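Here is a short report for a reader new to this structure. Please keep the model open while reading.

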Amino acid sequence: MISVAGLTKKYGKFLANDDISLHLGTGELGVLLGPNGAGKSTLIKSICGLLRFKGKITIDGHDNRSVQAKRVLGYVPEIAVPYPMLTVDEHLEFIARAYRLKDWRSRADSLLEKFDLADKKNKLGKELSKGMKQKISICCAMLPQPKAIILDEPLSGLDPHGIRELQQAIADLKAEGVSLLISTHMIDTIGSNWDVTFIMKASKLVRECRRADQAETLEDIYFSLFEAGELNE
């Protein structure tokens, strides 16, 4: 579903992503881990077509910068920045119009209800709390029913109820065959539902772990690499 081959990205002379290759299959839940500055956000933005890069990225077989790829990809950024003068409801209408969705209203209402935003439909973007901004960003990403969704630190700013609802939404999407790539520092919130974990350090992909091949928890795998010195060289 999401394939990255030889991705290299520089900001001037600074090498942010160094020859990264990975693949996330249909219906798989992938986790992107690594310390701050490892290059995770650059990788995510490159996959989403927001940055220029060297290499090749495809989504559902389409070049990631093509209209076909963008139609099947949802993106939840680390910092949600809603339009200040659009209401919560108008954000969803904007997405529906942009994607030319039909019969979208019932799904929009269901998403607002799921994330406790139903009574906030008329609130302006500038009036929303950090958690509410994150929730509307998630709703907008899910509205077009994409085949793949990328979430960059999606649990940031959410209250315990919001975290639980998002965890359930992720499980539901995976069950429906949606591919998910999640960048997070909150390892313990992922649970055991993941399929593959990509661990980055200093612009490189240093380890790819498949859950089917691992007896340890995700947290144990990550910290065992640090303790063994593999990520501290």
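## The model

This is a predicted model. Residue numbers start from 1 along each chain, as its sequence is written.

## The largest nonpolar core

The largest nonpolar core has 43 residues. Leu92, Ile136, Met142, Leu143, Leu166 and Leu180 touch the most other members. In soluble globular proteins, nonpolar side chains tend to be buried together.

The helices that give two or more residues are H3 (88–98), H4 (105–114), H5 (130–142), H6 (160–175) and H7 (218–227). Strands E3 (29–33), E7 (148–152) and E8 (179–183) also give two or more. H5 gives the most, with six residues.

## Met142 and a separate core

Which residues does Met142 touch, leaving out those up to four places away in sequence? They are Arg107, Leu111, Phe115, Ile149, Ala169 and Leu173. Met142 is also one of the residues that touch the most other members of the largest core.

Strand E9 spans residues 196–201. Six of its six residues are buried, so E9 is largely enclosed by the rest of the structure. Val196, Phe198 and Met200 point one way from the strand. Thr197, Ile199 and Lys201 point the other way. All are buried, Lys201 and Thr197 included.

E9 pairs with E3 and with E10. Four bridges join E3 to E9, and these two strands run parallel. Val31 stands opposite Thr197 in E9. Six bridges join E9 to E10 (residues 204–210), and here the strands run antiparallel. Phe198 has Glu208 in E10 as its bridge partner. Two residues lie between the strands in the hairpin of E9 and E10. In this hairpin, Ala202 takes a positive phi near 50°.

## The cysteines

How many disulfides does the structure hold? It holds zero. Cys139 is in no disulfide, and its nearest cysteine sulfur, that of Cys140, is 7.0 Å away.

Technical notes:
This is a predicted model: local features need pLDDT of at least 70, side-chain atom pairs count only at pLDDT 80 or more; totals for chains, interfaces and linings use all residues. Side-chain values use heavy atoms; hydrogens and water are left out. A disulfide is a pair of cysteine sulfur atoms within 2.5 Å. A nonpolar core is a set of buried Ala, Val, Leu, Ile, Met, Phe, Trp, Tyr and Cys residues joined through side-chain atoms within 4.5 Å. Buried means under 20% relative accessible area, exposed over 50%, partly exposed in between (1.4 Å probe, protein chains only). Contact means heavy atoms within 4.5 Å. Two strands pair if DSSP finds at least two bridges between them.
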